Amino acid sequence: MTGWQPLVRDLVVRIEQDLLAVLDGLDPALIDAVAIDGTNSIGWLLWHLTRSHDRNISELRGRQQLWLTQGWHAHFGRAADPHDTGYRHSPAEAADFRSPRPEIIANYHRAVVEMIDDYLETAPAGDPDRLASSPTLGNTVPVHQRLVGVLVDGLQHVGQAALLCGILRSGQCA
């Protein structure tokens, strides 16, 4: 990889490392807990950020999401709906979300990181300037704007999960 790809990969790896740190040793009873009613759980946050990465990069590649092709939806007990990413979930929908075991979240995220690596290895140097449409978002923007959105959301959500983990575990999270 040369050009823009190593920077994107480094950020994707950082998000994965932080996600794994949150899940490391996490009591499964805490994964769906919330600090305040109406807020998101650790499980929902990590699922949503992974779904966002899967959906966005799959759309950029013009391929189906791993959520469907690898059957991750079944591991999460959810419908095979490519639009089920948490985007525009109401507080009630987020509260109803039930997480699988932490290792399933980690394994899905790992599969998505591998898919992103494949994209980065094969994406042409000028791909960030290419216009890409998103049926989910209903817009067309340059690839670099989509990647920035994916990375910023990923960093924000994994940070939120780490904060919530620290609150729920009295500061015992990484």
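## Basis of the values

The model is a predicted one, in which local features need pLDDT of at least 70 and side-chain atom pairs count only at pLDDT 80 or more, while totals for chains, interfaces and linings use all residues. Residues are numbered from 1 along each chain as its sequence is written, and side-chain values use heavy atoms, with hydrogens and water left out.

## The largest pocket

Rolling a probe the size of a water molecule over the atoms shows where empty space is left. Here a 1 Å grid over the protein atoms alone is used: a cavity is a set of points where a 1.4 Å probe fits but cannot get out, a pocket is an open set with protein on both sides within 12 Å along at least five of seven lines, and lining residues have an atom within 4 Å of a point. Volumes are the space filled by probe spheres set on the points, with grid points joined across faces, edges and corners.

The largest pocket holds about 220 Å³ of space, and among its 14 lining residues Ser52, Arg55, Asn56, Leu137 and Asp153 lie nearest the centre. Helix H2 (42-61) and helix H7 (143-168) each supply at least two residues of this lining, the largest share, 6 residues, coming from H7; helices (H or I, at least four residues) and strands (E, at least two) are DSSP runs numbered from the N terminus. The lining comprises 4 nonpolar, 7 polar and 3 charged residues, where Ala, Val, Leu, Ile, Met, Phe, Trp, Tyr, Cys and Pro count as nonpolar, Asp, Glu, Lys and Arg as charged, and the others, Gly among them, as polar.

## Asn56 in H2

Asn56, which lies in helix H2, is buried with a relative accessible area of 4%; buried means under 20%, exposed over 50% and partly exposed in between, for a 1.4 Å probe and protein chains only. A polar atom of the Asn56 side chain lies 2.9 Å from the backbone oxygen of Ser52. Leaving aside neighbours within four places in sequence, Asn56 is in contact (heavy atoms within 4.5 Å) with Arg146 and Val150.

## The largest cavity

The structure holds 1 cavity of 30 Å³ or more, and the largest cavity contains about 30 Å³ of space. Its lining consists of Val8, Val12, His53, Ile57, Ile116, Leu147, Val150 and Leu151, which divide into 7 nonpolar, 1 polar and no charged residues. H1, H2 and H7 each supply at least two of the lining residues, and the largest share, 3 residues, comes from H7.

The 20 residues of H2 reach 29 Å from first C-alpha to last, close to the 28 Å expected, the expected span being 1.5 Å times one less than the number of residues. Because 20 of the 20 residues of H2 are buried, H2 is largely enclosed by the rest of the structure. H2 is followed by Gly62, whose phi is positive, near 70°.

The 26 residues of H7 should span 38 Å, and the end C-alpha atoms are 37 Å apart, which agrees. The buried residues of H7 include Arg146, Leu147, Val150 and Leu151, and what covers the buried residues of H7 includes helix H1 (5-23), H2, helix H6 (102-122), strand S1 (131-134) and strand S2 (139-142). After H7 comes Ser170, with a positive phi near 55°.

## A loop residue

Arg88 is found in the loop between helix H4 (72-75) and helix H5 (91-96). Arg88 is exposed, with a relative accessible area of 65%, and has a positive phi of about 70° although it is not a glycine.

Note on methods:
A polar contact is a pair of N or O atoms within 3.5 Å; within protein, one must be able to donate a hydrogen and the other to accept it, and residues adjacent in sequence count only if both atoms are side-chain atoms.
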